[in-house]
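This report describes selected local features of one protein chain. The sequence and the structure are displayed first, and the description follows.

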Amino acid sequence: MRLGGLEAGGTKMVMCTGNEKGEIFEQMSIPTKTPTETVPEIIKWFSDKNIDALGIGCFGPIDVSPDSPTYGRILETPKLPWVHYDLLKELQKDLKVPMKIDTDVNGSCLGEMVFGCAKGIDSVLYMTIGTGVGVGICIGGNLVHGMLHPEAGHIIINKHKEDNGNCICPYHDSCFEGLAAGPSIETRWGKKAYDLADNDLAWEIESEYIAQALVNYILTVSPKKIILGGGVMHQERLFPMVRKKVTKMLNGYLNTKELKDMDNYIVPNSLNDNQGILGAIELGRQALEEAK
């Protein structure tokens with residue numbers, strides 16, 4: 001198989017060709033501008049690559065239901081030029097190969113399950129904390145979709161008693177993304193996360209918010225492994241803090257082999273930040289199989 005992968009992000013578009021074994025042949029990224037500027041560049045790049053199928057992991061919200069008449073269309077995104085843009089249709093019109101699309105974080109979850117640290121595990125939660133908070137979930141081998149797709153970055157959590165900052169989400173007063181994403185950290189402290197390495201209180205507050213969110217996810221979707229990625233999680237001191245707080249918050253209510261081995265339950269991503277593009281490759285493989 002010669003498969004194409006597209007990781008369509010709000011900042012950049014990453015394109016690659018590869019195969020079902022996770023081998024990447026070529027890779028290129030371009031800035032995400034308007035659809036009229038960006039999509040022709042994507043089509044041009046793939047047009048001479050002789051791909052058999054294309055998988056796409058895209059920023060959202062996006063219609064991910066194959067049965068929907070608007071499957072593959074971007075919905076009410078804050079990236080205004082892309083609102084209601086029919087990404088899948090425009091790519092299909094020119095490239096004419098089987099395609100499958102999902103959210104970027106579901107793609108990252110899939111990449112880790114097929115090629116990374118969650119290989120062989122059928123129920124996994126992947127969370128990225130950066131400019132925003134995104135959560136991809138796979139339960140019983142199926143990526144989670146429902147009315148739409150998980151928007152678990154916007155669960156409501158309790159503010160830390162020493163947090164004098166405000167939730168920066170325009171929709172919610174106390175949601176996870178609004179309190180814990182990179183822009184919130186910068187607003188609270190006047191510095192970007194990578195400049196706060198020595199600020200113990202900053203990471204005490206951040207680990208509290210991450211732990212609250214993970215406990216909610218553990219109690220609702222019961223993943224067998226949790227993978228944390230994104231720029232904020234490059235602060236590696238967060239991992240032991242989060243594991244300890246999750247254990248404390250669960251307070252012995254659950255007793256599983258996974259929770260007894262927290263170091264291997266809540267882990268960093270394992271694919272050198274290629275989990276998203278490798279997940280897109282796997283979506284392309286699935287598209288080809290489904291087209292047979």
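In H5, Ile-185, Arg-188 and Trp-189 meet Leu-201, Ala-202, Ile-205, Glu-206 and Tyr-209 of H6, where contact means heavy atoms within 4.5 Å. The model is predicted, so that local features need pLDDT of at least 70 and side-chain atom pairs count only at pLDDT 80 or more, while totals for chains, interfaces and linings use all residues. Residues are numbered from 1 along each chain as its sequence is written, and side-chain values use heavy atoms, with hydrogens and water left out.

Two packed helices are described by the angle between their axes and the distance between the axes. Helix H5 covers residues 182-189 and helix H6 residues 200-221; they pack at an angle of about 145°, with the axes 12 Å apart. Helices (H or I, at least four residues) and strands (E, at least two) are DSSP runs, numbered from the N terminus. Axes are lines fitted to C-alpha atoms, for helices over the stretch in contact, and angles run from 0 to 180 degrees between N-to-C directions. The crossing of H5 past H6 is right-handed, meaning that the near helix is turned clockwise from the far one by less than a right angle.

Leu-254 is partly exposed because its relative accessible area is 31%. Together with Leu-219 and Tyr-253, Leu-254 forms a nonpolar surface patch with about 330 Å² of accessible area. Such patches consist of residues with over 30% relative accessible area and no salt bridge, nonpolar side chains (Val, Leu, Ile, Met, Phe, Trp, Tyr) being joined within 5 Å and like charges within 9 Å. A salt bridge is a side-chain nitrogen of Lys or Arg within 4 Å of a carboxyl oxygen of Asp or Glu. Accessible areas come from the Shrake-Rupley method with a 1.4 Å probe, and for residues only the protein chains shown count as cover.

Lys-100, in strand S5 (residues 99-103), counts as buried because its relative accessibility is 17%. Neighbours within four places in sequence aside, the contacts of Lys-100 include Tyr-71, Gln-286 and Glu-290.

How values were computed:
Buried means under 20% relative accessible area, exposed over 50%, partly exposed in between (1.4 Å probe, protein chains only).
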